[in-house]
Amino acid sequence: MARNSGRVTGVNGNMVTVQFDGDVSQNEVGYILLGEQRLKSEVIRISGKIASLQVFEMTAGISVGEKVEFTGLMLSVELGPGLLTQIYDGLQNPLPELAEQCGFFLQRGVYLQPIPDKSWDFTPVAKVGDTLFPAQTIGTVPEGIFTHRIMVPFDFANVAWTVDSIRPSGTYGVREEIAVLKDPKGNKKSVSMVFTWPIKRPITNYVERLRPTEPLVTQVRIIDTFLPVAKGGTYCIPGPFGAGKTVLQHMTSRNADIDIVIIAACGERAGEVVETLKEFPELIDPRTGKTLMERTIIICNTSSMPVAAREASVYTAVTIAEYYRQMGLHILLLADSTSRWAQAMREMSGRLEEIPGEEAFPAYLESVIASFYERAGIVKLGDGSKGSVTIGGTVSPAGGNFEEPVTQATLKVVGAFHGLSRERSDARKYPAVHPLDSWSKYASVIDADKVSYARNILFSGNEVSQMMKVVGEEGTSLGDYVVYLKSELIDSVYLQQNSFDPVDFAAPIERQELVFDVLFKVLGSELQLDDKKAARAFINEIRQKFIDWNNTARDDERFDMYLREIEELVAQRFVSYERRAAKILQVK
Amino acid sequence: MQKVYTKIESIAGNVISVKAEGVRNSDLAIVTSSHGESLANVIKLEGETVSLQVFAGARGISTGDHVRFLGYPMRISYSEDLLGRIFNGSGIPRDNGPELTDNLIEIGGPAVNPAKRIIPRNMIRTGIPMIDVFNTLVESQKLPIFSVSGEPYNEVLARIAMQAEVDLIILGGMGLKYDDYLYFKETLEKSGAMSRTIFFVHTASDPTVECLLVPDISLAVAEKFALDGKKVLVLLTDMTNFADAMKEIAITMEQVPSNRGYPGDLYSSLAARYEKAVDFEGAGSLTILAVTTMPGDDVTHPVPDNTGYITEGQYYLKNSRIEPFGSLSRLKQQVNKDTRDDHRALMDGMIKLYASYRESQEKKSMGFQMSEWDDKLLQYGDLFETKLMDLSVNIPLEEALDLGWEILADCFEPKETGIRSELVLKHWPKSAS
C-alpha cells in the first residue's frame, strides 16, 4: 500500500519538487509515476508541504502534476548470499540482467531484484529455543569460497530473539522462510536469507573496534614497503588525470591479499570497469585457485549514468562491505573516484540553492567525507572473530592541485596518503606515487630502520639533485653524487614497478624482503668508485641487473643467477658498511 | 497539444519563460517572433512557469510573441541521406539541400550499459609516430587534443580523419571560425571523403544555444550508424566553446557557479557526451576525437581539467608537435601488446631517456659543464625530435619502431637504455656495436 502520495510542482535538472499530503520523512524513497515508468528518487529537503526529491534517472518528459508515490523507506540495499560476483549500478540494479532485458542501453525506470533467486545449501547453526541478538548466526550457506553466515537481520530490534522454529539442513530458495524468531513479548517474525538495510546507516553490530595493525599486502613495492596500508585502515590516492590512479587501483584489486574486494566505480570511465568485468572471470587467484571474480563485487555508476545514483553508489558499496565484515571476513573497498561523488553532492547542493562553501562544494562536505571513511575499521565480532573493511579512495583534484576541498577533507581522515605526481608520471615512473610527499601511519612489512635508512637516501638524493640544478654536476662532490645515484637506484629498481609485466606486476612479501635486503646492502655500502663516470657506469650496471631480476619469475633458474651477479658486482667494489647501516645490520 | 501561448513572462539572455500547463521537461517549442521562427526547449519547470532556451537567441523577441509547444523533445532525422550534407546545430540544412524529416530519432539518449561494453581491441593507424608508437589511438576511444589557440589542431584533426580507416566521419563544429569550416569542407571534398562525412556546424557567429546542441546531435546520429554496423569517427572541435556556451546558459539561469563561472555539472555534462564512445558487440563502433583549446595554455583550466578526467588520454599539441609528456593514450596497452614484442619497452625506454634529455638541456642552458652522458642525451634528443616527433613524418608503426632502435644505437650503449636485455639482443641494429 502506498503510504503517501503527492504531485510534481517543478522540475530543475535532476531535482523535482513535490507537494505531498500526509507525512514525508527525510531521505525516504519516492517514485515519480510517468506513464508506465516509475522513476526512483530520494527526498532531500522538506519545507512545509513541499518536498524536494533528487531523481536517480533522467528527468526529461516529467511534467507538473505528475503523481508521486512515497514508500516510507530509506534508500536500502538487499543483503544475502549471491552478492559476490555481481555487477550492480549505484542503486544495486544488476547490470548484466538489465542488459539482457533492455539491450545496449540503460532504460530508465527498470529496477530488478538485486539478489538472484537461487537456492542455497543451508546448514542450521542455532537450535529451537536458542536466544539470538541481531547479527548473530542462524545458519550458514556456502557461497563460492566462503562460508556465508545467515544472520538475524540487523534491522530487528536489539533484544533477545528466541528461535521458534528453524528449517533442517537442506536446499532452500534465497527468499524462502528458514526460521521464525520470537521477541520477548512473543511477537513472531519470519526470517529468510535476505534482508534490507538503509545504505546511509553504518552497521554497528560488533563488540569493539580495534586499532588497525595487521598489514594489508597489496604487492605493490612502494606501498607495502614505504607507504603501507593496514587491514581496517583507510588511504587515499589523489592525483591529476593520467597519473595512474585507476591502474594502481586495478593492480590492487587484483593482487591484494584480502578476502573480498568491492570496487565502487563512481563517476569514472565505463571502459575501465569493463576491463575488470572481462578480465576477472578469467584470472585465477593463486590463493584460492578460483577466479578473481569470485571474491569481487562491482558497483558501477560511471560518469554518464545519472548523477544522484552516483552519490548513492559509494554507500551501497560500503554497506555491502560491512555486511560481509559481519562474517569475520576482510574486505577491501576501492572507490574510484571520491571526487565525482563529492561533485554529485555539489550539483545537488547547487540545485537546492544552498549557500556554497569553497569551490561551491557544500559546507557539509568535510563531515560527509569523514563519516564515510569512518565506516572502515577492524572489529571484534560477537563470536570473537575479527572482520575488517579497508577503504581506499582515489581523489581527482581539479587541476592536480591538492589544495582543494575534497583532497584536504580526505587527508584529514585517512591513515595513509599516496599522492601521485604529474612529474613522475610524465617521466613514465610508475606507479607515480611520490615517495617523499606521501605518508602512512601504518607499519611496514619491512624492518622500519631499514626503510627509514632508504628513505633518508631518497631525501638526500633529492636534495643533491636540487643542488645540482644550481651548481651543476661539476660542483657536486663525488660523495654527494653517489648518494644521488643511490637514490635514483632505489627509484628505478624498487619504487617503480611495471604493472604490465607478467612477473613484475605483483611482488609478494617474501620477494620484497629479499630484493630490499639486497638493495639495502648496495645502499649501505661505501663503494670503491674513482670518479663520477665510474660511479654512473657502476650504478647503471647494477640497475640493469636488478631490472632483469625483477622481471624474472621466482622459479626461473636465472633468478638465483641474477642475485649472485648483483652480489658479486657489489662485492667487487665493497669497502665497508656505512656506520648507520652497519648498526642496522649489526655488523662491524 | 498545439495550444499557443502569447504571454512571455520574462526574457533573460537566451532564456524566456511563459506560464503554461501540461508541458514536459525537455520538450520542444516553436517561438514565433517578427524576426522569424526559432526552436526552443524546456529546461526548467516551476509551478506553471516554464523556462525555455531559445535556439536562435532571444534577441528581438517581444513579450507578446507566440510560443507553441510541440509535445516532443529534440529530434533529428536519421538516414543515409545525411551523408555528404551540412547542417547547423538545430539540424537545419546550411547547404542548399532539402530538409530531412523522416525517421526521426531523439537526441541525448540514455547511456550504454557498462555490462554491454567490450574491451577495445583495434588500433587505428594514423601514420604519425608520436601517436602510433607512443600513444596509440584505439577504436572506441575518446581522446581530446589539448592545444593552445593558434596551433594547427584542425589540420591534425583533418589529417587523422582522412588517413584513419573508418566508414563514416561526423564533424561537429562548435564556435568554428568560418575559415576553419571552409577548410574542413574543402579538405574533405578534395580528398573525396565528403561523401562519407556529415557536418553539424555551429560557427562563431551563430546563436549560442545551437552550439550546445552540436555534440548531442552529432553523437545521436553517430550512435545510430554505429548500431547499424558502421565504424564511425566523430570529430568535435572545439569543446571549450561548448563548455563556454554551457556557462553562459547556467549563469543566465542564476545557477551557483563552481569554478571560474562554470556550472557544477560541467564534468557530468562533458562525460555524458564523451562516454558515447563505444564499441558495440556485433555492430559498429564510435570513436571520438575532440579538440579542447586551453585558455592561456593552462591545463588546470576547468575545461581541459575536467576533460582529462573523462577521456581516455589526451594529445598535447605544442609548437606544432605532439608532446610526449602529458600526451597519453590510456587504451594503448590494449593493443600495443599485439603489435610487436618490443613496442612497449621501446616506447617506455625512449620516453624515459627523452625526459633525461630535457634535464640535460636545462642544465646546458644554465651553462653547466656537460658530462659525456649529457652529450649523449643531447644527441639523442635532437635525433628524436627531428626523426620521430615532427608532425610531417608519415611512416607506418613498424618502420617507426625500427627507426627508434636506430636512434638509440646511434647514441647509447645497450645497457644505458634501461631496456630488458633480451629485447636489446633481438632488436639492437646489427650494424652498431
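Analyst: Let's start with the largest nonpolar core, which has 292 residues, and in it Ile262(A), Ala264(A) and Leu333(A) touch the most other members. A nonpolar core here is a set of buried Ala, Val, Leu, Ile, Met, Phe, Trp, Tyr and Cys residues joined through C-beta atoms within 7 Å. Buried is set by a count: 20 or more other C-beta atoms within 10 Å of a residue's own, while 12 or fewer is exposed and anything in between is partly exposed, with C-beta atoms placed from the backbone.

Keep in mind that this is a predicted model, where local features need pLDDT of at least 70, side-chain atom pairs count only at pLDDT 80 or more, and totals for chains, interfaces and linings use all residues. Residues are numbered from 1 along each chain as its sequence is written, with chains lettered from A and ligands numbered from 1 in the order in which they are written.

Now zoom in on Leu333(A). Setting aside neighbours within four places in sequence, Leu333(A) is in contact (C-beta atoms, placed from the backbone, within 7 Å) with Ile262(A), Ala264(A), Ala317(A), Val318(A), Ala321(A), Val389(A), Thr390(A) and Ile391(A).

Most peptide bonds are trans. The one from Asp336(A) to Ser337(A), though, is cis, with omega near 5 degrees. Ser337(A) sits in the loop between β24 (330–336) and α6 (338–351) of chain A; helices (H or I, at least four residues) and strands (E, at least two) are DSSP runs, numbered from the N terminus.

The contact between the chains takes 64 residues from chain A and 63 residues from chain B. On the side of chain A that touches chain B, the elements giving two or more residues are β1 (4–12), α1 (95–102), α4 (270–279), α6 and α13 (532–550). By class, that side has 27 nonpolar, 22 polar and 15 charged residues. For those classes, Ala, Val, Leu, Ile, Met, Phe, Trp, Tyr, Cys and Pro are nonpolar, Asp, Glu, Lys and Arg are charged, and the others, Gly among them, are polar.

One of those elements, β1(A), pairs with strand β5 (residues 36–46) of chain B in the antiparallel sense over three bridges; pairing takes at least two DSSP bridges between two strands. Within that pairing, Gly10(A) has Glu46(B) in β5(B) as its bridge partner.

Definitions and conventions. Two residues are in contact if their C-beta atoms, placed from the backbone, lie within 7 Å.
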